[in-house]
Amino acid sequence: MRLLTLLLVPAALLAGQSRFARLGEFQGPVEVQLTAADPWISAERNLPLPELAWLRTGANARVEIEMDDGSLWRLGPNSLGEISDYTRLSTGQRITLLSLDHGTAYYTGQPAAKDVTMLVMPGAQLTVLQGSRVRQTAQSGASQAAILEGLVRFSSPTSEMDLHEGTTAQVDPANTARFSLAPQIAVQPLDRWSEDRDKAQAAPASAAYVNAAYGLADLDSAGKWVQSGELGMVWKPEVSDAWAPYQNGRWRYYDALGYTWVSDDSWGWMPYRNGRWARAENLGWVWQPSPNPVLHPAEVYWLRSSNFVGWGPLAPGEQWNAPNPGAVTPQGYTSGSTSYAAFQSDASVIDGSGFATPTAQQFKTAFFVAALPSPAFLPARLDAQRPMIQVGSTRVIPSVPGVTFGDTAPSDLMTTPPADEPLPQPVSDAGIAPPPDGVYPVPAVIAPSFDTQVYIGSSAPARPTNSPRPAANPPTPTRNPPASHPTTNNPTSSNPAPTNPTPSNPTTPSSGGNKPSRPTDPTPPVKPPTLPPSHPIPPPITPPKQDDITAKKVASAASEQDLYRQVLQDIDPKEPNFTKALSDLNIWSRRFPVSSFSNDRSYFLVHVYNRMDRPDQTLDAAAPLVQAGVQANYPDPQQVLQILVAASASFPKLRSPTAQQVTTGQKAAHDLLQFLPEYFSASRRPSNIGESAWAIARDQLEGVARQALAYRPATHVAAAH
C-alpha cells in the first residue's frame with residue numbers, strides 16, 4: 001500500500017483546472033468529436049473544446065480554434081487535427097500539444113512564462129520558443145513546416161535544430177533519413193487568410209477590461225464598453241431591444257463543467273464563460289466581467305419540472321447556492337428573463353428552440369434547483385477508442401522531479417528551451433510604432449495583477465510580425481529601460497517587467513429550509529421591452545534611480561546591500577521567485593526596521609504582492625504610501641504610477657475589504673485621476689507614439705481609477721447605511 005501511495009503522488013500533484021479552447025470562426029463543412037465516446041457533430045461557434053477533441057474539415061472548409069493562452073490554431077481544407085494535450089498543472093504551467101494528422105494547419109502565438117506549446121505532424125515535432133507563426137502541411141509521403149515568423153525547435157528521429165523565420169523543413173515520415181531544409185518559404189493560397197485572421201485577432205481593446213486571452217476581438221466589433229454607475233465598466237452588445245442573454249443557443253453537457261451554454265451569438269464566448277449580465281437603466285442588457293479568470297459553464301438560476309426546465313441570468317452579486325435555491329425569487333425570473341426547454345433525464349443536449357412557454361398548470365410542479373442532475377455515466381464510454389492518428393501517441397507525460405525512482409536533474413528544455421543564437425531584432429515598419437504587446441498577433445491581456453511603467457504603442461502595422469520587436473521609447477524622459485515580461489517576452493501577459501538590475505548598476509527589476517423553493521408566481525410576467533480604446537500595457541516596475549542608490553549605499557550596511565541585491569535577484573525577469581522575494585523582504589524588514597531604503601523596500605513589497613495576485617495584501621502594503629502621498633515620497637513618475645495603478649486595480653477584486661482597504665483603494669484611484677494629466681502631458685509623449693495612442697492610454701487608466709471609485713463592496717454599502 002505504501003508503494004501504491006508513492007506511485008500516486010505525481011498524478012495527484014499534477015491535477016489542475018480543466019482547460020477549454022473555443023471553436024471560433026469557420027467556413028464550410030467542419031465536424032467535431034469531443035471525446036472518443038461521442039459522435040461527430042457539426043461545428044458550432046463558441047463550442048468549448050476539451051483535451052483530446054478531434055476536428056476535421058471538408059473540401060473548401062476552414063476553422064479557427066482559439067486557445068486560452070491567446071494563441072490561435074487553424075485548419076485548412078481536408079484536414080484532421082487533435083488537441084492532444086491541453087493540461088494545466090497544479091503549478092499553473094500549461095502544456096499544449098496540437099497534432100495535425102493530415103492537411104494544413106497554421107499556428108500563431110507565444111507560450112507564456114514556463115508554458116510549453118508543441119506542434120506535431122507525422123515524422124516531426126515543433127516546440128515554440130518565442131512568438132511565432134507556423135504553417136504545417138501533412139501529405140502522403142511528406143510533412144513540411146514553414147516558419148513564417150519567429151523561432152521554433154524542430155525535432156525528428158534523425159535531427160534536432162532551431163528553425164528561424166523564413167525557413168522550411170520537410171521530412172518523409174516513412175523514411176526519416178530523408179530530410180531537407182530550405183532558406184525560403186513557398187507561398188500558399190491559405191497564407192493570406194491566416195494572416196488576415198491574425199490581424200483581426202491582434203491587440204483587442206477589450207483586453208483592457210476582461211481577464212482572459214481569447215474571445216475578445218469579437219467584443220470589439222459587436223458592442224462597446226461603457227461606464228455604468230455601481231457596475232463600473234460594462235460591455236453593451238449591439239442587439240435589439242427584445243434580446244436577452246441565454247436565449248439564443250443550447251446547453252451541452254461536459255463531464256468537467258456540467259451543462260454548459262453554447263451561444264449562437266457570434267461574440268458569445270467570454271460573456272457566458274465569465275461574469276454576469278444585468279439590465280441597466282438607460283442601457284439595457286450589459287455584461288460585467290469578473291476579475292476572477294476561472295471559466296464557468298454559465299451564471300444562471302435553474303427551474304425544473306417533470307418535463308421541462310427553465311433558466312435565466314443571475315445578476316451581479318446575486319446569490320444562488322444550495323440547499324435552498326430560490327428562497328428569494330431570482331431577479332431574472334421576476335423581470336421575465338426566463339427561457340424554457342423540454343427536458344428528459346440523461347439528456348446531453350438541452351435546446352429551447354421552438355419550445356412554448358409552460359402553462360400555469362405545468363408551473364404547479366416546477367421548483368427552483370441549484371443545478372440540473374448530471375446524465376448517467378455509461379461505463380461503456382470508457383471502452384470507446386479511436387483509430388490512431390498518423391503522428392501516433394502524442395500525449396505529454398509530465399514528471400514531478402524528486403519523487404520517482406531514478407530521477408536525474410530535470411532538464412529545462414521543455415520549459416525554457418534554449419535558442420541556438422539570439423535573433424537580430426527586426427526594424428519596425430517605417431512610420432508606425434510597434435504594437436504594444438511586442439508580438440503582433442497574440443492578444444494582450446490585463447491580468448489580475450497590475451505591474452508598472454506605462455508603455456503605449458499605436459495600431460498594428462499592415463503586415464503582422466511575431467518576432468519580438470524592439471520596445472519603443474518608454475514615456476519617461478531619462479533612464480527608463482524597455483519593458484519585458486518577468487520570465488519571457490510574452491504578449492499574452494499584462495505584467496511586463498524589464499531586465500534584472502543590481503544596486504550598483506540598476507536597470508529595471510521585475511517587479512430556510514432544505515426543500516426546494518417553488519416559483520412565487522406560476523405564470524411568468526410579461527417580458528419588458530428591452531471606440532473602444534486600444535489596450536495599454538501596464539507599466540513595469542521601476543527601481544530607484546542610480547544617484548539615489550549611490551547616495552544611500554554610503555550609509556547602508558553591507559549586509560543590507562546584500563539583501564537588496566537578493567530581492568532584485570528574486571524578481572529577476574528571467575526566473576522570478578516571488579515567494580522567496582516575499583521571504584527576503586520580510587527578513588530585510590526585521591533586520592533593518594529603519595533603513596535608508598525603506599521607500600524602495602515598500603515599493604518592492606507592493607510589486608511582489610501584486611505579482612502574486614494578492615489584492616488584499618497589495619492594498620495593505622500600499623496603504624501607508626498612499627496615505628502619506630505617493631508623489632511626495634517617490635520623485636520618479638513611473639513609480640508613482642506603479643503604486644497608484646496597483647492599488648486602484650486591486651480594490652475592485654475584494655468582495656469584503658476592510659475600512660482601511662476601502663480608504664486606500666479610493667484615495668489611490670482619486671490620486672491616480674489627479675496624476676494622469678501630469679503623466680500624460682504632451683511634453684512627456686515620446687516622439688514615436690502618436691497623439692491618439694497617448695490619449696487612449698490615459699483614458700484607459702482613467703477607466704481603472706473610475707472603476708475603483710464606482711466600486712461599492714457589501715461592507716462599504718452596509719457602512720454607508
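Start by selecting Gly310 and its contacts (heavy atoms within 4.5 Å): Gly310 touches Tyr301, Trp302, Leu303, Thr338, Ser339 and Tyr340, leaving aside residues up to four places away in sequence. You're looking at a predicted model, where local features need pLDDT of at least 70 and side-chain atom pairs count only at pLDDT 80 or more, while totals for chains, interfaces and linings use all residues. Numbering runs from 1 along each chain as its sequence is written, and side-chain values use heavy atoms, with hydrogens and water left out.

Stay on Gly310 for a moment. This glycine sits in strand β25, residues 308–313 (strands are DSSP runs of E, at least two residues, and helices are runs of H or I, at least four, numbered from the N terminus). Gly310 is buried, at 0% relative accessible area (buried is under 20%, exposed over 50%, partly exposed in between, with a 1.4 Å probe and protein chains only).

Next, salt bridges (a side-chain nitrogen of Lys or Arg within 4 Å of a carboxyl oxygen of Asp or Glu); the structure holds 28. Pick Arg74 and Glu64, whose closest N and O atoms are 2.7 Å apart. Arg74 is in strand β7 (residues 72–75) and Glu64 in strand β6 (residues 62–66), so this pair ties together parts 10 residues apart in sequence. Both Arg74 and Glu64 are buried.

Finally, jump to helix α8 (residues 558–570), where Arg565 and Asp562 sit 3 residues apart, about one turn. Their side chains form a salt bridge at 3.4 Å, N to O. Arg565 is partly exposed at 33%, and Asp562 is partly exposed at 47%.
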